[in-house]
Amino acid sequence: MTESQSLETKVLSPEIVKGKMQLVLSKAEKSTQSLHDEESKLVYNEDNLPEISKFINQCKAAEKIVEDERKKLKEPYLQG
């Protein structure tokens, strides 16, 4: 491991973390903006329950992706 790689793992600014989260969501073909857009188009009534359920499942999947990445980024700090 080079010195620059070692330094990178020790310094995680909010901007770096945000960028990494956006990257991992993009790789999974999800983004916070697309989820916001989809939510704004939803009509909340009983006739739309399947679409609402589908949206909630997409949000849960995105949340799981972010949580898994967060754990990966945090791992080196918990070991030391």
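**A core and a helix crossing**

In this predicted model, the largest nonpolar core is made up of 6 residues in all, namely Leu25, Leu35, Leu42, Ile52, Phe55 and Ala62. Helix 4 supplies the largest share of this core, with 3 residues. In soluble globular proteins, nonpolar side chains tend to be buried together. Within the chain as a whole, buried residues make up 14% of the 80 residues.

The chain contains 4 helices and 0 strands, and reading along the sequence gives the pattern α-α-α-α. Among contacts between residues at least 6 apart in sequence, 63% join residues at least 24 apart.

Two packed helices are described by the angle between their axes and the distance between the axes. For helix 2, which covers residues 14–27, and helix 4, which covers residues 49–79, the axes come within 10 Å and cross at roughly 135°. Helix 2 is therefore oblique to helix 4, and helix 2 passes helix 4 in a right-handed crossing.

The residues that meet at this crossing are Val17, Lys20, Met21, Val24 and Leu25 from helix 2, and Ala62, Ile65, Val66, Glu69, Arg70 and Leu73 from helix 4. Sorted by class, this contact of helix 2 with helix 4 has 8 nonpolar residues, 3 charged residues and no polar ones.

If neighbours within four places in sequence are left aside, Ala62 is in contact with Leu25, Lys30 and Leu35.

Notes. Residues are numbered from 1 along each chain as its sequence is written. This is a predicted model: local features need pLDDT of at least 70, side-chain atom pairs count only at pLDDT 80 or more; totals for chains, interfaces and linings use all residues. Side-chain values use heavy atoms; hydrogens and water are left out. Axes are lines fitted to C-alpha atoms, for helices over the stretch in contact, and angles run from 0 to 180 degrees between N-to-C directions. Helices (H or I, at least four residues) and strands (E, at least two) are DSSP runs, numbered from the N terminus. Angles under 35 degrees count as roughly parallel, over 145 as roughly antiparallel, 65 to 115 as roughly perpendicular and the rest as oblique. A crossing is left-handed if the near helix is turned anticlockwise from the far one by less than a right angle, and right-handed if clockwise. Contact means heavy atoms within 4.5 Å. Ala, Val, Leu, Ile, Met, Phe, Trp, Tyr, Cys and Pro count as nonpolar, Asp, Glu, Lys and Arg as charged, and the others, Gly among them, as polar. A nonpolar core is a set of buried Ala, Val, Leu, Ile, Met, Phe, Trp, Tyr and Cys residues joined through side-chain atoms within 4.5 Å. Buried means under 20% relative accessible area, exposed over 50%, partly exposed in between (1.4 Å probe, protein chains only).
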